[in-house]
Amino acid sequence: MSDVQRTIRWGILATGGIAATFTEALATVPGAEAVAVGSRSPEGAKAFAERFGIPRAYGSWAELAADDAVDVVYVATPHSAHRAAAGICLEAGKAVLCEKAFTINSREARELVDLAQDRGLFLMEAMWTYCNPLIRHLAAVVADGAIGEIRNISADFGFGGDFPPEHRLRDPAQGGGALLDLGVYPVSFAQLLLGEPDSVHAWAHLTPERVDDNTGILLGWNDGALATLTCTFAADTGAPATVTGTRGRIEIPEGFFNPDRFVLHRQGEAPHTVHFSDVTDDGLDRGTMRYEAAEVTRCLQQGLTQSPLVPLAGSLSVMRTLDAVRERIGVHYPGVD
């Protein structure tokens, strides 16, 4: 039964930068409270708890999952550990919000979804882009036919860096490469608007460790739509995106995964810019992860087992596409493929 007044008690699993960003955002969500943190390092968990005023700290994932006062766990490990960490929490009866990429492959994703559904537990991939008010508005504008039928989507996400061979981005054992860290965003964006593709093509440059550092993806749909997507950790791309239809287009000039505006171009009309502030009046920084935390909190208060904004079927379909891309570019992860 739903209880919209109930405070949802959160556990934070892992203590890295993304966990800190999420915990800061969680503090702004009405009806949500961080009550425990777990890490493989007792010292790290204690320091994180002290930093954010969290009452309980645990030196293992299992201890956090066993805490009866925790309703939902945010899994903030690298994606190579998502299956293990989220699985421990689901086995212990906890709802889970799991960072992206959802898992390292579609088999692991299917295992988590089956586990959650068998136990009647809430599970959601932390695709914050889908919860962003401006992206939700963009999807509604497209669905209403403002630009006609989609014929092409282009999107890319890249940043530059000098990553040594031992860095996780270059380590196959940790799911390294640009695809799962960055490519999940343009693929998810395209599939938000067009669904799972009928055809997948890809090419990539591989590092000496045999993970991708610069990847191009071409997705096709039988109705004639296509998406051209790229991801890289060899250069900063600015992350623009364009959705082109038969009667116009929508441009996101930069940061499509968390945009501050988009520009609607319709045939015979002047361009119209829609700003983030036009679609929400909460006054919060658009960079916050508040919106995904608020969505999970709302779903749990209403007794839902998945989010309508980030449905599990969509997360599974994205993982199938990422698997297909990896097969085509020749990237394999030891012990899981």
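**View 1. Glu209 and its salt-bridge partner, Arg170**. Glu209 is partly exposed, with a relative accessible area of 21%, while Arg170 counts as buried at 15%. (Buried means under 20% relative accessible area, exposed over 50%, and partly exposed in between, using a 1.4 Å probe and protein chains only.) The two side chains meet in a salt bridge, 2.9 Å from N to O. That pair ties together distant parts of the chain: Glu209 is in the loop between E8 and E9, and Arg170 is in the loop between E7 and helix H8 (178-194), 39 residues apart. A salt bridge here is a side-chain nitrogen of Lys or Arg within 4 Å of a carboxyl oxygen of Asp or Glu. Helices (H or I, at least four residues) and strands (E, at least two) are DSSP runs, numbered from the N terminus.

A quick note on the model: it is predicted, so local features need pLDDT of at least 70 and side-chain atom pairs count only at pLDDT 80 or more, whereas totals for chains, interfaces and linings use all residues. Residues are numbered from 1 along each chain as its sequence is written, and side-chain values use heavy atoms, with hydrogens and water left out.

View 2. Glu24 is partly exposed at 46% relative accessibility; Arg51 is exposed, at 56%. A search of the whole structure turns up 19 salt bridges, and Arg6, Arg9 and Asp71 are linked in a network of them.

**View 3. Strand E7 and two of its neighbours**. E7 (residues 150-158) runs antiparallel to strand E11 (residues 241-245), joined by 5 bridges. Here Asn152 stands opposite Thr244. With strand E10 (residues 226-232), E7 runs parallel through 7 bridges, and Phe157 stands opposite Cys231. Strands count as paired if DSSP finds at least two bridges between them.

View 4. Most residues other than glycine have a negative phi, and most peptide bonds are trans. Lys100 and Ala101 are joined by a cis peptide bond, with omega about -15°.
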